[in-house]
Amino acid sequence: MVDNKKVKATLPDGSVKEYPGGITLLEIASSIGPRLAREALAAKVDGRLVDLCSTLERDASIQFLTFDDEEGRQVYRHSTAHVMAQAVEKLFPGVKLAIGPAIADGFYYDFDPEEPFTTEDLGKIEKEIANIIKADLPFERRELTRLEALALFRDAGQDYKVELIEDLPEDVPLSCYNQGDFVDLCMGPHVPSTGRLKSVKLLNVAGAYWRGSEKNKMLQRIYGTSFPKKALLEEHLFRIEEAKRRDHRKVGAELDLFSIQEEGPGFPFFHPKGMILRNELEKYWREEHKKWGYQEIRTPIILNRALWEKSGHWDHYRENMYFTNIDENDFAVKPMNCPGCILVYKTKLHSYRELPIRLAELGLVHRHELSGVLHGLMRVRCFTQDDAHIFMLPSQSKEEIIGVIEMIDDFYKVFGFFYHVELSTRPEKAMGSDEMWETATSILREALEAKGMAYKVNEGDGAFYGPKIDFHLKDSLGRTWQCGTIQLDFQMPEKFDLSYVGEDGLKHRPVMIHRVIFGSLERFIGILTEHFAGAFPAWLAPVQVRVIPITERHAGYARQVEDALNEIGIRVEVDARNEKVSYKIREAQNQKVPYMLVTGDKEVEHGTVAVRHRTKGDLGSLSLAEFQDKLLEEIGTKLY
RNA sequence: GCCGAUGUGGCUCAGGGGUAGAGCAGCUCACUCGUAAUGAGCAGGUCGUCGGUUCGAAUCCGACCAUCGGCUCCA
């Protein structure tokens, strides 16, 4: 140890401090302030994540991480996962440990126990976690060689850890951490000691395949979360409860939008009010597509086997398809709209002057999904894609993709959605040459970059015929669902021998874009329902106005108001039931009707309506004409 | 499909080896009412389905179906 040497630490604010070499980061944090020493969980030294007990040996920039930093939270949750593993190992001796990472709002750890865990076990494990936290055991890092690590975990009978080590590159330095008598293979870093962890809650148990492959053994995964303050944990749990209240399956039943019945698992039924939503969305969709130069088509749901063989679906997508037999010939129910659309393109010869040709279709597709994945409207077995196929010159592809990106952005803005974008590349089971894939992928990348969009790359997640840009929206619990997608395809034009006549009078091969904006009407309605918690903007609301006569003698006037609103295309209902005003208002509120018009003696006398808005409350009296203008304006601008 | 949990009137749920109970909703009646639940009465269930154990099953056992939370897969 060099005792006299000084090291310089550059802090995030730019200030530089000098310390004796070999000082620990925790000591540095203390020198800056007691609060930082208390709240720091780990640190970054020249951008590298390290433990607070590690030492500073040379000049470096350092940054302390607290729970307020994303990376700090991850360290905190990851350390909690280790403590949970320690608790599980103590309560269930012989349990094998797999992996235990931090995730978005918490952590999980995968175990291979003798018996699956029960919900009651979670309580016991939580108690043991509390004991470990109370004991305030330090997290100690130890570096070891591959051989040492193999010996350690092999002796401990930790087969999964051994497998992990064996799969790591030979030259990577290994480390493990222990707290008390518990040891785990881990890169770290960790919080200094178990006492740093405060409020831990285990949320649920679920099965999960080892290394995410269904070919492997199914392990038992315990999900949990942790916070440095009890109040933060409670707030988080409250948010989860709140989100469940927005669940589209619950809201959809309450507002009578749709149902899913035993008779048709994954095949949703749309009720009258749900159909209003759908139809309004479709109406908007048609208007926009007209503006963007699309033409609408409709193709059959059932087409013959030869077509699906030609398109490659027979080879690449069969396990997701439904089949039938007509006059002793094989047919399939379409899982995608593209082959049908291609047949439309092929009905005549096309000139380069016509391109791009944009053919849109609200196409009902059926896909066989595993029973365990069905989820309300979000994941179903039949759905309507707001599909379109663009046939174009290769030189038009980037520009067309940019157009679609802009169009999707326009659509999502109307609903106030935030989204994130992923670029999905060549999957294992794919058609076409590597060069084609490379060209297509780089065109998509260039389009994204031209729009300055941040995106994440999703390796191997493309369609079997081409790479794609996916647009993901969030549901009420923060789970993301792919909605919009843009796929660039050089394969189908080849397979179907598509052509256009060029300037030179010769036949050339066009390129195709497959794209959806809503994704599927079903999923989009699910997202929409959760986003607005059922309180749809007026333009979408199944019932826009409910007229509430105060007593039976005001019912006649209420009917007049109803007629007047109907006349201008407003969706209106009269609640003429023999109930108190407050009762009818409560019900209209629960049904999330945007406007309630209370009509009593005063309104009858002056020809007005007393307006109540579902969130703004009592807005006072307006003449019927004024109210009509305001509402039409709100609907026209699609205000949300 | 796999792991775990759940399944009782339209909804939310209680009960539990001796052939079902509440609240809300529905219907009827009374009240004729001014911004989130007026009162009274009535009606409503092969306890997911099929099979087994039993003198007797909604209750115990098994299989299946569906749903929920995940895994895997995808719009």
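Contact here means heavy atoms within 4.5 Å. The model shown in every view is predicted.

**View 1**
Setting aside residues up to four places away in sequence, Arg-211 touches Glu-163, Leu-164, Asp-167 and Asn-216. One of these neighbours, Asp-167, also makes a polar contact, side chain to side chain, with Arg-211 (2.6 Å). Is Arg-211 buried, partly exposed or exposed? Its relative accessibility is 41%, so Arg-211 counts as partly exposed. For scale, Ser-621 lies 410 residues from Arg-211 in sequence. In space, the two C-alpha atoms are 64 Å apart.

**View 2. The open three-stranded sheet β11-β12-β13.**
Three strands form this open sheet, and their pairing is antiparallel. The edges are β11 (140-144) and β13 (182-185), each of which pairs on one side only. On average, neighbouring strands are turned by 25° against each other, direction ignored. Four bridges join β12 (residues 174-179) to β13 in the antiparallel sense. Across that pairing, Tyr-177 stands opposite Asp-184 in β13. A helix, α3 (residues 70-91), lies across β12 and β13. It runs at about 125° to β13.

**View 3. The open five-stranded sheet β2-β1-β7-β4-β5.**
This open sheet has five strands and mixed pairing. Its edge strands are β2 (16-20) and β5, and each pairs on one side only. Neighbouring strands are turned by 35° against each other on average, direction ignored. Helix α1 (residues 25-32) lies across β2, β4, β5 and β7. The angle between α1 and β7 is about 75°.

**View 4. Strand β4 and its two partners, β7 and β5.**
Which way do the residues of β4 (residues 42-45) point? Ala-42 and Lys-44 point one way, Ala-43 and Val-45 the other way. All four are buried. Antiparallel pairing joins β4 to β7 (residues 60-65) over four bridges. Antiparallel pairing also joins β4 to β5 (residues 48-50), over three bridges. Ala-43 has a bridge partner in each: Phe-64 in β7 and Val-50 in β5. Lys-44 stands opposite Leu-49 in β5. Two residues separate the strands in the hairpin of β4 and β5. In this hairpin, Asp-46 takes a positive phi near 50°.

**View 5. The protein surface around RNA strand B.**
How many residues surround RNA strand B? There are 62, and the closest are Tyr-209, Arg-379, Lys-468, Asn-578 and Arg-586. Of the RNA strand B atoms that come within 4 Å of the protein, 52% belong to sugar and phosphate. By class, the surface near RNA strand B has 21 nonpolar, 19 polar and 22 charged residues.

**View 6. Individual polar atoms beside RNA strand B.**
Ser-520 places a polar side-chain atom 3.2 Å from a base nitrogen of RNA strand B. A phosphate oxygen of RNA strand B lies 3.3 Å from a polar side-chain atom of Tyr-583. Lys-602 approaches through its backbone: a polar atom there is 3.1 Å from a base oxygen of RNA strand B. Several elements give two or more residues to the surface near RNA strand B. The strands are β14, β15, β23 (382-392), β27 (480-489), β30 (511-520) and β34 (608-613). The helices are α18 (581-590) and α19 (601-606). Which element gives the most? It is α18, with seven residues.

**View 7. Gln-491 in helix α15.**
Helix α15 spans residues 491-495 and includes Gln-491. Is Gln-491 buried or exposed? Its relative accessibility is 7%, so Gln-491 counts as buried. The cut-off for buried is under 20%. Beyond its neighbours within four places in sequence, Gln-491 is in contact with Met-431, Gly-432, Met-436, Trp-437 and Tyr-465.

How values were computed:
Residues numbered from 1 in each chain as written. Chains lettered and ligands numbered in written order. Predicted model: local features only at pLDDT ≥ 70, side-chain atom pairs only at ≥ 80, totals over all residues. Heavy atoms only, no water. Buried < 20%, exposed > 50% of the residue type's maximum accessible area, 1.4 Å probe, protein only. Polar contact = N/O pair within 3.5 Å; in protein donor to acceptor, adjacent residues only side chain to side chain. Pairing = 2+ DSSP bridges. Axes fitted to C-alpha atoms, helices over the stretch in contact; angles between N-to-C directions. Near = heavy atom within 4 Å. Nonpolar A, V, L, I, M, F, W, Y, C, P; charged D, E, K, R; others polar.
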